[in-house]
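Please open the model in your viewer and keep the selection panel at hand. The stops below say what to select at each point and what is found there.

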Amino acid sequence: MQPARRARKTSKLSLRSANNSNPTSVMVFLSSHVVCSGSSALQFPLLQILNESIGAPAALKLKSQSLTPLLERCRDGDYIRALLKQDPQIDTAEFTKRLMEIVTPGSSSAQVNILLDLVSLHGPVSAAACQQLAVIFPTAGQSLQLHIAQSLVNQLESGPQVSAFWIICSFDRISRRSHQIRLGLYLFPQPFSSLCSRM
Amino acid sequence: MAEVEYTNGRTTDKDADLSSHLPSTLPSPSFFVYDSPDHTTVVDYFVRMTKVGDTNAIDDLLASPFLTESSVSLPSLLARVWISPSHPVHARLAALQQYITLMQNQVASQDFQGFIPHLIAVLADSNKDVRAAGANAILAYEASLSKLSSKSIVVGLDDMYTEDVALGGLKWLALPERKWLVESVITPKLEECRLDGKYIIHTLGQALDAAGKKGKKDQ
């Protein structure tokens with residue numbers, strides 16, 4: 001689209017958003033800067049604000065939806081590696097954690113699937129994606145839990161050793177915490193030590 | 001520990017050499033392009049000149065044609081410097097002070113709402129001097145709101161970020177939404193934000209928790 005035409009379209013959109021509630025417009029506005037900026041120095045604090053400050057289910061859902069294009073962009077290993085190298089003062093482990101926290105308990109199965117994809121890609125965010133799956137798992141519905149479990153078991157069977165390590169480390173913790181968690185029963189029917197011996 | 005400068009506000013031969021590498025044009029107007037050597041050269045030069053305290057060199061740089069050709073170039077240069085924790089504090093403070101000056105001289109036809117997220121980000125910074133300068137910049141932006149009308153041109157509307165179209169496009173705020181965010185949400189809590197870098201999380205959290213509710217009217 002030509003810049004001038006896009007400018008007119010954007011202006012119309014912003015005028016239309018004036019009819020919505022202010023919090024919704026501001027959330028979408030801030031999220032769009034996180035998604036589009038390609039600046040880790042901007043994304044790092046804004047993701048903290050958006051991830052840590054919001055608790056209401058509708059707001060969490062809107063946040064996840066608005067930030068999903070960035071999560072999808074994380075599939076591109078070159079993009080994420082360039083982002084992580086941009087600012088040496090930004091902690092890479094904390095940054096990848098904040099990126100994966102875009103998906104929260106209550107997020108859609110499509111968003112959970114992106115996390116599963118990111119685990120399977122064995123890229124710079126795979127460990128953080130696995131850890132976030134462990135956070136989401138206890139509150140997911142039964143069918144989604146089974147889907148996550150099946151995908152991760154496939155990873156354990158066919159993925160590289162490092163992937164198995166992330167999965168075991170992330171999920172062993174929650175399976176020990178609660179015997180009712182299905183993934184724990186599914187992944188750890190045998191003692192943890194015997195799984196480790198495979199690595 | 002305070003940084004000590006022995007250059008007495010004068011540029012050295014090394015600095016003069018740096019200025020000879022400044023570009024005559026930029027490959028893209030915004031400075032949110034991190035793989036461009038030209039943009040990085042300008043950022044490094046700004047940071048260096050703030051370190052030696054050469055205000056003439058900074059003034060000359062900020063008046064350069066490659067920074068004034070597009071309205072997004074200068075504020076995006078300043079924002080790129082102030083949001084980065086890797087840049088020295090003196091450079092970040094200088095960038096925020098220049099932005100305040102820009103806001104004070106702002107013409108009514110220009111709307112700088114695209115830099116609100118960068119000002120919010122700096123309120124979450126770990127350095128209290130940077131947060132305090134960020135708070136002052138918020139106040140300068142708030143004062144500029146009264147000059148704006150619905151016909152004001154949004155700076156960076158088409159050229160803020162290179163990837164915005166592919167990633168769904170930037171979203172913008174109408175004037176009442178901006179006023180609500182700045183005047184009703186952030187400014188009343190600026191003193192707390194100056195003291196505590198985590199306070200902006202609490203402040204925005206309270207405000208944004210109502211987001212996504214269908215049929216919810218303005219707070």
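Begin at the boundary between the two chains, by selecting A:Asn22, A:Ser25 and A:Val26 in α2(A) together with B:Glu177, B:Trp180 and B:Leu181 in α9(B), for these are the residues that meet there. Two residues are in contact if their C-beta atoms, placed from the backbone, lie within 7 Å. The residues of this contact divide into 3 nonpolar, 2 polar and 1 charged, where Ala, Val, Leu, Ile, Met, Phe, Trp, Tyr, Cys and Pro count as nonpolar, Asp, Glu, Lys and Arg as charged, and the others, Gly among them, as polar.

Before going further, note that this is a predicted model, in which local features need pLDDT of at least 70 and side-chain atom pairs count only at pLDDT 80 or more, while totals for chains, interfaces and linings use all residues. Residues are numbered from 1 along each chain as its sequence is written, and chains are lettered from A and ligands numbered from 1 in the order in which they are written.

Axes are lines fitted to C-alpha atoms, for helices over the stretch in contact, and angles run from 0 to 180 degrees between N-to-C directions. Helices (H or I, at least four residues) and strands (E, at least two) are DSSP runs, numbered from the N terminus.

With 26 C-beta neighbours inside 10 Å, A:Ala41 counts as buried; the cut-off is 20 or more other C-beta atoms within 10 Å, with 12 or fewer for exposed and partly exposed in between. Leaving aside residues up to four places away in sequence, A:Ala41 touches A:Asp87, A:Ile90, B:Ile83, B:Ser84 and B:Pro85.

B:Ile83 leads on to chain B, where B:Ala79, B:Trp82 and B:Ile83 in α5(B) meet B:His118, B:Ala121 and B:Val122 in α7(B). This contact has 5 nonpolar, 1 polar and no charged residues. The axes of α5(B) (73–83) and α7(B) (116–123) come within 10 Å and cross at roughly 20 degrees, and the two helices are therefore roughly parallel to each other.

Finally, return to chain A, which has 12 helices and 0 strands, and in which 47% of the 199 residues count as buried. Select α7(A), residues 109–120, where the buried residues are A:Gln111, A:Val112, A:Ile114, A:Leu115, A:Leu116, A:Leu118 and A:Val119. After this helix comes A:His122, whose phi is positive, near 55 degrees.

Note on methods: Angles under 35 degrees count as roughly parallel, over 145 as roughly antiparallel, 65 to 115 as roughly perpendicular and the rest as oblique.
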